[in-house]
Every structure is written in structure tokens, then in C-alpha cells.
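Thanks for coming, everyone. I would like to walk through one model this morning, going from charged pairs to aromatic pairs and then to the packing around them.

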Amino acid sequence: MAVAHNFKRAGGGAGAGEAAAVSARTILLLALPALGVLAANPLYLLLDTAVVGRLGTFELAALAAGTAIQSTVTTQLTFLSYGTTARASRLFGAGRRGDAVAEGVQATWVALGVGALLAAVVWAFAQPIALWLTGDAATSAEAARWMRVAAFAIPLTLVIMAGNGWMRGVQNTRLPLRLTLAGLVPGALLLPVLVGRLGLVGSAVANVIGMGITATLFAAALVREHAGSWRGWAPDWAVIRSQLVLGRDLILRSLSFQVSLLAAAAVAGRFGAAALAAHQILLQLWNFLTLVLDSLAIAAQTLTGAALGTGEIERAKSVGRAVVRYSVAFSVVLAVVFALLGRPIQSLFTRDGEVFDALAVPWWLMITMIVTGSVVFALDGVLLGAGDAAFLRNLTIGAALGGFLPLTLLSVQFGWGLAGIWCGQLAMVCIRLIGVTARFRSMRWARTGQG
């Protein structure tokens, strides 16, 4: 609870000015462990890919298809983390820690119910889904075997998301990191052993074991923290309904990102193999950079929700300003690194001269996105903490339709290549930048109390 103590001491109940300032230490104590949690799964997937890759191209292709479905299913339900944080942090800020933890109970019910349904769907339709994705009967059959085992990890993953959500809400980001590593490390150690004995299915078994350990630990933490009566463990349909409404907006927002990324990849493929390879490099680097910047957004979300829960609007505004400053400063350092070390970084992924040529212009567009995106991510965190999901949904869909899509289609029409696609990505970020900045300044997001 050291973070909460520092935060309250920084605000001190004052209205504005220096008393409402939020220290870098307060933000970093929340952001750094959150970054560890965000990075854990991508790192595990890299290990999984490396281990399965030793089996052969056939198994690797099947794994790619299976993990694509698994990732798509779970990514669309990140509201269990972000939505729960938004609601729990307000209650925590209002001094209602027990109610904040109770949000985790209801989010866990949602995770179990929705997760079980999705797992059943994936189990039942694994073969046709994999066949649609791969277009090859043999590869789809192997992918379906992986998917049917990995389906058991879907509700476990959602329980972990809910656990991260309520723990962030009560300003505890260190314990989620420890719980995540407690499952990820054994899973990683078992991965080569199980793949060696069971083939591709061993990858799915290791995934289920790792997720099972972490989900069990999150559930145990919830039992330990929930101070209410046993009646408080029952599903509260009013709370669940509110969580699902918030989740609907966040799902639509996330879906617009997914559609944009798929469209970008499809268009990049039209410009040849070198352009598609360059696009993949840029996309993976951008995904990594968004993880880094998103950790600061999580801190902004947690602290904003707590401030609004106490009714201190100026403190919430101070959180936004502070996180923007730190995020921009960090992004400038990252941008300088990518500007000065562009060719060495690119060389980690390719030696092809055509790919280097294709990266020339889009590389600088991505560097511009690092700096502009830093403000977007920071203020996204503030608005998510304020529960302003409907605005973020509309803004993201509008940015995709009004910025990304037109420029991407024009790049096909006029042969602008990869530069045109990444101009569309930059346009989407810039539209979001204008929108979140105007929204933050308007203070229309600053609704105090529980919601």
C-alpha cells in the first residue's frame, strides 16, 4: 500500500497547484511492475515459437494459426483488466477498498462464464476455424489439436485479466507481476520437455499449466482480500451488467485496432514480399513500443480513478499532466535511439537490401508515432480511469475510418507503397491525439464518485 500512501500524501486533499502534484516515483512504482506483466506473455510466446520451430515448419505454421485464434479471442476481452481497474480504482479512492475488491469478484464471474463459453466454441469449431485460417487440411488438423487443448486456458487467462484489473484498482501492481512469473516460469521450463515428448500439443499443455498456476494464485489472492460475507461471493447482476456495458465499448474500440492492423497487412502484401516483410518488422517494433508506453497509461488509469473516487478533480487533472510529461520525455529518448540506431536495429530482423529500402520512409513515420503516441497513450489512461470508454470507442472508430482507411486505400490506388500505409497509421494516431487532448482539456471526463 506504499503507492497509495504516497499518492494521498502528494495530493493532501488540496485543490490545485503544487499540493496536487504527482511524483515520478508514485507513477513509476505502478508503471514498472505493470510493464513486467504486459511483457511477460509476448516473451513467453517468443520462447514458444522458438521451441516449436525446432520441430519443423509444419508445426510452426500450425502453432501460428492456433495462437492467432487464441490471441484474438482473449485480446477482445481486455475490458476485464481495464474496465475493472476503472471501476475498482474509484471505489478505492473513495476509501471503499472492500467494494473495490468486490468488483474483482464480479469480474471473475464474468471471466469464468464468458471464458467457458468461448472455450466451448473453440473446442467445437477448432477444425473449421483452423481450416479457414490456413487453407490446408493437414496444417488445420494439427492446429485444431493444439487449439482444443489450449482452449482450457481461455477462462484461466480471463480470470488473470480480472485479477490484474482489481489489483491495479487498489494500486497494487507488484503482486500481479509476482503471480504472473510464478506461473510463467514453470510453464517456460516445462515447455521444451513437453514439446519434446508430446510434439506440438505439448506447447498447449505447458500453456494451460502455466496459466492454471497463475489463475489459481490470483483466485487465492481474491479470497484472501475479500472481506465480505459468503453472500458477497454470489453473482451481482447489476454490477456485472455495468461491467459488460463498459466492456462493450472497450471491445468495439479494440476491434477497430484489430481490423486496422489486418487491413494494413493485407494491403502491404499487395506491394510485394519485401514490403510485407518490412511491414512485419515495423509492426512488431510498434507493438513492443506500445507495451512500454502503455505501462505509464496503466499508472494514469489507476491514479485518475482513485482521484475521482475521492472527488478531487484537480488531482486527477494533475495526474494527467504529470503522466503526459513523463511519457513524452521517455518517448523522446526512445525516438532518438531509433533514429540514431535505425540500421543496426533493422539488421536484427533482416539482411535483405530490398527490405531496408522499403523501411526507409516508414521508419521515420514510426519514430514520429512514438512521440505523438506517447501523449495519446497517457491521456487514454486518464480517460479510461475516468470510465470515459464511450468517447474513446467513438474516437478510435472515427480515427480508423477517417484517417487510416482513406490513406491506406489511396496508397493502393496511387502506388504509395508501405509509406502510404504507415501515413495512414500516423494519421490515425494524430486524430486520436487531437481528440484525447481536446477531451482532457474540456474536463467533461471528470465525473466524481463511483461512476
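This is a predicted model: local features need pLDDT of at least 70, side-chain atom pairs count only at pLDDT 80 or more; totals for chains, interfaces and linings use all residues.

Let me start with aspartate 388, which forms a salt bridge with arginine 439, the closest N and O atoms being 2.7 Å apart; by salt bridge I mean a side-chain nitrogen of Lys or Arg within 4 Å of a carboxyl oxygen of Asp or Glu. Aspartate 388 sits in the loop between helix H14 (353-385) and helix H15 (389-414), whereas arginine 439 belongs to helix H16 (residues 417-442), so the pair ties together parts that are 51 residues apart in sequence. Both aspartate 388 and arginine 439 are buried, where buried means under 20% relative accessible area, exposed means over 50%, and partly exposed lies in between, with a 1.4 Å probe and protein chains only. The helix names come from DSSP runs numbered from the N terminus, helices being H or I runs of at least four residues and strands being E runs of at least two.

Residues are numbered from 1 along each chain as its sequence is written, and side-chain values use heavy atoms, with hydrogens and water left out.

Searching the whole structure gives ten salt bridges. Among them, arginine 315 pairs with glutamate 312 at 2.9 Å, N to O, and here arginine 315 is buried at a relative accessible area of 4%, as is glutamate 312 at 15%. Aspartate 99 and arginine 96 also meet through their side chains, at 2.8 Å, N to O, but aspartate 99 is partly exposed at 35%, and arginine 96 is likewise partly exposed at 35%.

Turning to the rings, how many aromatic pairs does a search of the whole structure find? There are five, counting rings of Phe, Tyr and Trp (its six-membered ring) whose centres lie within 6.5 Å, with planes under 30 degrees apart called stacked, over 60 edge-to-face, and the rest tilted. Since tryptophan 286 lies in helix H11 (residues 273-309) and phenylalanine 377 in helix H14, the pair ties together parts that are 91 residues apart in sequence. Tryptophan 286 is buried, with a relative accessible area of 11%, and phenylalanine 377 is buried too, at 13%.

Another tilted pair consists of phenylalanine 338 and tryptophan 363, at 5.8 Å centre to centre and 35° between the planes. Phenylalanine 338 is in helix H12 (residues 313-340) and tryptophan 363 in helix H14, so this pair ties together parts that are 25 residues apart in sequence. Phenylalanine 338 is buried at 6%, and tryptophan 363 is buried at 3%.

Now for the packing, where a nonpolar core means a set of buried Ala, Val, Leu, Ile, Met, Phe, Trp, Tyr and Cys residues joined through side-chain atoms within 4.5 Å. The largest such core has 67 residues, of which Ile27, Leu80, Met167, Leu250, Val323, Leu379 and Trp445 touch the most other members. Helix H7 (residues 153-169) supplies the largest share of this core, eight residues. A second, separate core holds 36 residues, including Ala264, Ile281, Val355 and Val376. Apart from neighbours within four places in sequence, valine 323 is in contact, that is, with heavy atoms within 4.5 Å, with Ile27, Leu296, Ala300 and Ala378.

Threonine 139, in helix H6 (residues 137-150), is buried at 10% and, leaving aside neighbours within four places in sequence, is in contact with Phe58, Ala61, Ala62 and Thr134.
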